[in-house]
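Work through the exercises below with the sequence and the model open. Each task is followed by a solution in steps.

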Amino acid sequence: MQTGVTTAEPRRRTDGGPEEVANYIDGRWQAAVRGGRLEHRDPATGRVVATVPESTVEDIEAAVASARRAFATWRLVPAPRRAEIFYRAAEILTRRKEELARRMTEDMGKVLEESRGEVQEGIDMVYYMAGEGRRLLGETMPAELPNKFAMVVRDPIGVVAAITPWNFPFSIPTWKLCPALIAGNTAVFKPSSDAPRLARDFVAILTEAGLPPGVLNLVYSAAPAVGDALVRHPGVDVISFTGSTAVGKQVAAAAGSLMKRVSVELGGKNAVIVLADADLDLAVEAIVWGAFGTTGQRCTATSRVIVQRSVQAALEERLVARTRTLRIGNGLEEGVQVGPVIHRAALEKIERYVEVGLAEGARLLVGGRRAEGPGLEGGHYYEPTIFTDVTPGMRIAQEEIFGPVLAILPVEDLDEAIEVMNGVPYGLSGSIFTRNVNDAFRAIRDVSVGILYVNAGTTGAEIQTPFGGTRQTGNGHREAGTAGIDVFTERKAVYVDYSGRLQRAQIDLDLA
Ligand code: UN1
């Protein structure tokens, strides 16, 4: 097998100036064909940390052509051999975990401890899917006719377009690229230009580990038309997209009209139910972590608390007190718990939603303004914010804000809690705090989400379980776990008739 040919990247800087991130096509690091570049700034300081190619349709053409060529040979490499490259990559990633975590925090602002957690989540996925290289399980079942064998094998599909967001700039790409490539597909990877460096780091590490040229191609572009060209390209067979519901609907519609396999992983409006018998201190810790960890910028973030009215005041008092202790700042600093939001547009969107909440008559308990002060100049900081007496129809109870804003909705009982929980367009994650096992199981049965927690918050899914949601959170696929292979493989039913005569299924019943 040919091993990766690495061409040096153009002008990697070591003087602390902005890094010039490159595309990677057909085993070569390269600038965009038309030469465009965009600046990327650290959301904590405003410093330009990198410039990224502003690619055009020409770059997409080159990347898809490269992936198509590579597919002809990559699909024939035995899966255990393909997976060995990923084991080697996982070892390199493990060695470089700390450095990668720091780069992640500089790129998109999450606090260092969480960046380390995300790098670990990606490493876990690389190892897990490398194990699939020796499984990729098919099935056998009995045939109804004598001297006949029936089985199901998994085939790779072709070229995968992996389109990934900035909020999990390493682990989400691993969810898509590891199963796709280990199953024998090749890929064009278009990461968010808002957190660019971990994508190039992952590609560089896979190349160092021996991934052949063309198997994985990296193209940066922030232009919607370029993403659209990738989705519609006739050389792309599968699209795996994580991002906003608005864009995801367009991706799914375009792919659907072209009969392509498409998996979209979209928004959430995740809720924690707190019943009167819950351990309130535990619930408070979980809610604060779920709502304000990653500055609320996870699709699994807690954005609603549905509380039984008899404990509403007690819960609110503890939540506000705990929230006031959170330290806001640059995620690289030890002890900081809440980092910046990704960019000015995100900050302004949060501000607009807080205005909406106030206009709708929700009661502001804490926060509700930009965070300012020494050390915060130049960054995009917002105070952790809690509204209460929110009613289910309010926009702040229905729409994904993607920032540190939490809505508390009081209810009478579990029935009403479940109705409110399910009364939003999304169904990603949810949680219930109770000591009553019967109520816990009723929630397990009746809540419409893809991920449900009992006595734990809404974030922190592990990579061996399926990740995804119901209703407008996605289109029914799951990432991670054994389910994560399904999107990237075609099932082929194979019959081998070794009877030496014509045997007609459903007709020649007396042959047996
Ligand atoms: C996301 O927010 O897009 O369950 C992914 C979690 C993480 C993944 C979040 N393991 O919170």
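## Exercises on a predicted model

**Exercise 1.** Locate Thr-45 in this predicted model and decide whether Thr-45 is buried, partly exposed or exposed.

Solution. Step 1: Thr-45 sits in the loop that links strand E4 (37–41) to strand E5 (48–53). Step 2: the relative accessible area of Thr-45 is 34%. Step 3: buried means under 20% and exposed means over 50%, so Thr-45 is partly exposed. Step 4: with neighbours within four places in sequence left aside, Thr-45 is in contact with Asn-330, Glu-377, Gly-378 and Gly-379. Step 5: between the C-alpha atoms of Thr-45 and Val-264, which are 219 residues apart along the chain, the separation is 32 Å.

**Exercise 2.** Identify the helix that gives the most to the nonpolar surface patch.

Solution. Step 1: the patch consists of Val-437, Phe-441, Ile-444 and Val-454, with about 370 Å² of accessible area together. Step 2: helix H14 (residues 437–446) gives the most, with 3 residues. Step 3: Val-437 is in helix H14 and, at a relative accessible area of 53%, is exposed.

Technical notes
Residues are numbered from 1 along each chain as its sequence is written. This is a predicted model: local features need pLDDT of at least 70, side-chain atom pairs count only at pLDDT 80 or more; totals for chains, interfaces and linings use all residues. Side-chain values use heavy atoms; hydrogens and water are left out. Patches are made of residues with over 30% relative accessible area and no salt bridge: like charges are joined within 9 Å, nonpolar side chains (Val, Leu, Ile, Met, Phe, Trp, Tyr) within 5 Å. Accessible areas come from the Shrake-Rupley method with a 1.4 Å probe; for residues, only the protein chains shown count as cover. A salt bridge is a side-chain nitrogen of Lys or Arg within 4 Å of a carboxyl oxygen of Asp or Glu. Helices (H or I, at least four residues) and strands (E, at least two) are DSSP runs, numbered from the N terminus. Buried means under 20% relative accessible area, exposed over 50%, partly exposed in between (1.4 Å probe, protein chains only). Contact means heavy atoms within 4.5 Å.
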